[in-house]
Amino acid sequence: MISILGFLRPAPHIARVSQPHIQKSYPRFRWRILEATFIGYATFYLVRNNLPVVSREMGQALHYSKDQIGDMLAVMVAVYGLGRFFMGSLSDRSNPRYFMPLGLLLTAACNFAFSAASSYPAHLALWAMNGLAQSMGWAPCGRSLSHWYSIRERGTVFGFWNLAQNSGGGLIGIIAAYSAELLGWRSAFYVPGILATVCAIYLMVRLRDTPQSEGLPSIEEYRDDYPDGGSGNGEKELGTRELFVDYILKNRYLWLIAGANFFVYIARYAMLDWGPTFLKEVKHASLGQGGIGTFTLEFSAMLSTVLAGWLSDKIGGRRGMICVVCMIPAFLAFIGILYSPNNQLWLDLALFGVIGFFVYPAQMLLGICALDVTSKKAIGTANGLLSILGSLGRVAESKGIGALAQHYGWNAALYGILISVLVGIGLMSFMWNLTPKSAEARVVASR
């Protein structure tokens with residue numbers, strides 16, 4: 001495929017520049033990569049999380065049931081999960097400067113077509129295609145950040161970068177809701193599509209591939225931070241069998257992390273996908289107030305995600321322990337939503353904030369755990385495996401909560417979420433003492 005899409009090939013290494021130029025350029029490029037991947041990934045969320053915000057209005061206009069809306073959400077994330085695995089593998093061997101903008105242009109095109117369509121089969125197919133385009137977002141970011149930031153910076157840097165999804169996911173709650181109120185539900189897809197197109201052009205200008213493609217040393221050499229404590233060879237390219245078999249299929253820790261991710265995705269997306277509808281139907285919220293619920297859920301995580309990433313670096317990379325600690329308050333917040341009075345919308349919005357504050361750090365740290373237990377040359381593929389299990393969790397959530405709410409009521413749906421959170425806590429407890437060094441030693445020993 002790389003031979004067919006030759007422009008996606010990784011940028012070649014060039015001759016090393018002078019030491020003064022390295023000292024001047026490296027910090028500037030590191031900030032540039034962080035800035036571009038942050039803005040780019042936030043924009044992916046503008047053309048991904050817009051459907052839940054206007055699903056009720058769209059359903060009323062086109063006479064779609066909750067089951068049909070759930071099918072659209074489910075097929076999107078199913079394709080997204082599978083796409084993350086295969087696109088992750090492709091991204092591991094591609095130039096993010098062109099790979100990521102291509103994904104944004106494709107997802108923008110899907111949104112334009114979705115807003116123009118009026119039939120259920122067309123909407124189902126287009127939202128599935130959007131899932132495939134969306135799968136091109138995370139992997140080039142992971143590749144870029146892992147080549148420009150060292151392992152000891154990983155928790156802090158990814159903690160900050162992870163705010164991109166909260167920024168994009170929160171802003172779309174406002175953008176989609178008020179676009180729909182002013183111009184109709186179709187504008188909730190047109191407006192984000194235009195923003196994604198502009199951002200794709202920006203990414204092609206700002207992004208770059210590896211440090212060596214700019215004449216700079218590897219990040220391990222620059223920061224003197226080799227994973228094994230020695231000189232290492234952090235730039236060895238992996239063959240297909242070595243990538244998939246040794247670093248993915250035989251990696252027991254990676255499968256444990258992916259299993260936990262299944263249940264964390266249910267907790268994360270339950271209120272994103274169905275929260276606006278729940279607030280409107282049960283708590284009598286308006287369209288704008290439903291959008292504020294999404295905004296609250298996303299933006300409440302901004303401080304906690306950075307803090308959790310920084311703290312995980314400070315305690316030696318024991319990210320599993322922090323995941324467990326975070327999910328317990330989230331569990332209690334879901335109980336609060338279950339029993340809160342229907343006429344106290346402020347309380348539900350506050351509980352949405354508690355869920356976002358604690359669930360997002362856990363989901364982010366699971367992703368970093370996956371990076372800790374594999375090679376930076378296999379990051380896209382490893383995260384793709386997490387995404388498959390996570391997306392299966394979101395499929396279960398999209399279909400399951402929609403079906404439970406439709407046939408048994410919202411209380412039954414909330415009980416399903418609570419059970420999922422408990423199982424996730426149980427799986428993450430096996431990672432309590434997991435650190436990057438302990439994981440690396442056990443993974444190497446298993447090969």
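I looked up Leu-371 and found it in helix H16 (residues 345–372); helices are DSSP runs of H or I with at least four residues, numbered from the N terminus. The model is predicted, so I note that local features need pLDDT of at least 70 and side-chain atom pairs pLDDT 80 or more, while totals for chains, interfaces and linings use all residues. Residues are numbered from 1 along each chain as its sequence is written, and side-chain values use heavy atoms, without hydrogens and water.

I recorded Leu-371 as buried because its relative accessibility is 2% (buried is under 20%, exposed over 50%, partly exposed in between, with a 1.4 Å probe and protein chains only). Its C-alpha atom lies 8.9 Å from that of Gly-142, 229 residues away along the chain.

I then turned to helix H6 (residues 138–148), which packs against helix H7 (residues 154–161) at about 145°, the axes being 11 Å apart. Axes are lines fitted to C-alpha atoms over the stretch in contact, and angles run from 0 to 180 degrees between N-to-C directions. H6 contributes Trp-138, Cys-141, Gly-142, Leu-145 and Ser-146 to the contact, and H7 contributes Arg-154, Val-157, Phe-158 and Trp-161 (contact means heavy atoms within 4.5 Å).

Next I examined His-63, in the loop between helix H2 (50–62) and H3. I found its phi near 65°, a positive value in a residue other than glycine. Most residues other than glycine have a negative phi. His-63 counts as exposed because its relative accessibility is 70%.

Finally, I noted a kink of about 30° in H3, centred on Arg-84 (the bend is the angle between axes fitted to the seven residues ending there and the seven starting there).

Key: Helix = DSSP H or I, 4+ residues; strand = E, 2+ residues; numbered from the N terminus.
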